[in-house]
Amino acid sequence: MNYKMMIRIHAWILVLASAFMLPALLITIATKDAPAIRGFGCSIAIALVAAGVMAFIARNAERRFYAREGLVATGMAWIVLSLVGALPFYISGRIPNFVDAFFEIVSGFTTTGASVLSDVEALGKGLLYWRSFSHWVGGMGVLVFFLAIIPTNGRNDGYMLHILRAESPGPSVNKIVPKMRETAGILYIMYCVLTVLDIIFLIIAKMPVFDAFCIAFGTAGTGGFCILNSGMATYTPFAQNVTTVFMLLFGVNFSIYYLMIMRRVRQAMKDEELHVYFLIVLTSIVLIAFNIFRYTPQTEGLEPTIRHAAFQVAAIITTTGYSTVDFDLWPSFSKAILLCLMFVGASAGSTGGGIKVSRVMLLVRNLRRNAHQIFHPHEIRIVRMNGQRVPEQTIFNVNGYLAGYVIIVIVSFLLLSLDKGNFSMTTNFSAVMATFNNIGPGFDAVGPTQNFSAYSDFSTIVMCLDMLLGRLEIFPILALFSLSTYKRS
């Protein structure tokens with residue numbers, strides 16, 4: 001295990017964390033928010049001192065780096081970043097319990113959007129900005145950002161690929177271009193362009209500039225932190241529709257956008273995952289709109305019904321978690337559809353969470369193949385995606401992911417059931433699904449008008465682990481707790 005190289009990477013992560021906090025610090029200075037100024041100032045100082053110590057320890061680090069190091073470095077980087085990121089909330093006194101502060105920022109970086117706050121507006125603009133910006137950083141991945149900006153001399157692609165594969169969502173990660181640094185750079189350029197477009201359209205929709213930036217950060221990262229206690233309900237219908245469209249766009253595999261930039265539009269439009277993704281979205285919108293229409297007050301009518309249905313479908317399947325209405329009051333059928341969308345999630349290679357549409361497709365096709373072979377045992381069939389044969393190793397990995405997914409959900413559900421708050425089964429199960437799938441709101445006591453503050457510290461830590469496991473797709477976090485990870489090869 002190349003510990004020095006991993007320490008060196010984490011030193012860079014702390015430097016980046018300090019740089020990320022600077023705009024929030026400037027906002028707190030402009031708004032004369034003394035507690036928040038103290039929070040960010042002390043946090044930046046702590047991060048830089050720790051980075052300096054780690055850089056000194058890791059001097060002369062070897063560049064030898066393998067998949068094992070990539071998993072451990074990725075898992076540890078997110079934990080370290082979250083510990084430092086929680087300090088402004090805690091030091092400022094706005095979230096006096098460090099476990100709650102840690103939950104809030106883990107929810108931010110993992111783009112979950114679950115909160116322990118009853119009054120978010122009391123945080124102040126600097127902390128609200130930091131909270132929303134954490135979504136933007138975590139959406140594409142802080143290590144992808146790190147890979148996009150670090151100096152390279154042609155010898156870095158080895159550990160770059162291992163880190164990118166460990167942090168990026170989906171069944172597999174391939175390089176868009178031969179150079180890993182260029183791949184990371186292209187991903188972030190596309191990410192920034194879409195974010196800027198979202199901000200422009202929100203401002204056109206008469207959303208305040210500060211709000212537009214924060215909401216766009218949450219939309220881009222498919223996070224879901226709102227800066228108003230009323231969520232997205234206060235904004236204009238046009239702003240809600242803009243957010244719906246961009247949530248769906250950020251739920252698309254970014255490789256599709258790259259193909260379109262390279263004028264390979266026909267190839268992009270033939271992507272099977274893209275077809276299934278939008279088919280699920282459109283079908284869900286139609287079914288929910290039809291189901292809730294007769295429950296909608298006559299003063300609203302068809303347009304608001306379709307708008308709210310589309311918004312919540314986009315928010316849940318992309319795991320953004322914004323809300324314009326209290327969907328916990330919807331009929332059971334509509335809530336059941338939203339619960340199913342929590343499992344499915346967005347496309348592979350997007351900023352969304354969940355199992356991912358491509359994994360669901362592979363699982364269904366492999367199940368169909370296995371069912372066929374029961375009656376035709378001597379026939380050899382292969383699984384295809386986009387006309388290409390899917391390697392058996394990929395299918396094996398998807399099956400392993402599903403096994404881990406189910407086990408973690410069951411164990412987390414049982415652990416939350418031990419909470420002294422004696423929450424309902426619906427609350428505990430939806431809390432696990434909302435955190436593990438990086439969605440944000442659940443149902444019942446953790447619904448869109450509620451929060452997660454009533455849970456004990458133990459349950460809060462369990463949900464923090466669930467958010468990290470979900471965002472990093474299980475294995476980088478599990479690798480941290482496996483003894484075999486640290487044994488010599």
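**Aromatic rings in a predicted model**

Mentor: Welcome! Phenylalanine 217 has a relative accessible area of 7% and is buried. Keep in mind that this is a predicted model.

Trainee: Is phenylalanine 213 buried, exposed or partly exposed?

Mentor: Let's start from the cut-offs: buried means under 20% relative accessible area, and exposed means over 50%. Phenylalanine 213 has a relative accessibility of 33%, so this residue counts as partly exposed.

Trainee: Which helix holds both phenylalanine 213 and phenylalanine 217?

Mentor: These two residues are 4 apart, about one turn of the helix. Their rings form an edge-to-face aromatic pair, with 6.2 Å between the centres and 70° between the planes. The helix that holds both spans residues 209-220 and is H10.

Trainee: How many aromatic pairs does a search of the whole structure find?

Mentor: Good one! A pair is described by the distance of the ring centres and the angle of the planes. Searching the whole structure on this basis gives a total of 28.

Trainee: How many residues apart are tyrosine 191 and phenylalanine 250, which form a pair linking distant parts of the chain?

Mentor: Their rings are edge-to-face, 6.0 Å centre to centre with 90° between the planes. Tyrosine 191 lies in helix H9 and phenylalanine 250 in helix H11. Both residues are buried.

Trainee: Over the ring of which residue does the charged end of arginine 131 sit?

Mentor: Lysine 125 lies over the face of phenylalanine 210, 5.1 Å from the ring centre. For arginine 131, the charged end is 3.8 Å from the centre of the ring of phenylalanine 225.

Conventions
Residues numbered from 1 in each chain as written. Predicted model: local features only at pLDDT ≥ 70, side-chain atom pairs only at ≥ 80, totals over all residues. Heavy atoms only, no water. Phe/Tyr/Trp six-rings, centres within 6.5 Å; stacked < 30°, edge-to-face > 60°. Buried < 20%, exposed > 50% of the residue type's maximum accessible area, 1.4 Å probe, protein only. Lys NZ or Arg CZ within 6 Å of the ring centre and 35° of its normal.
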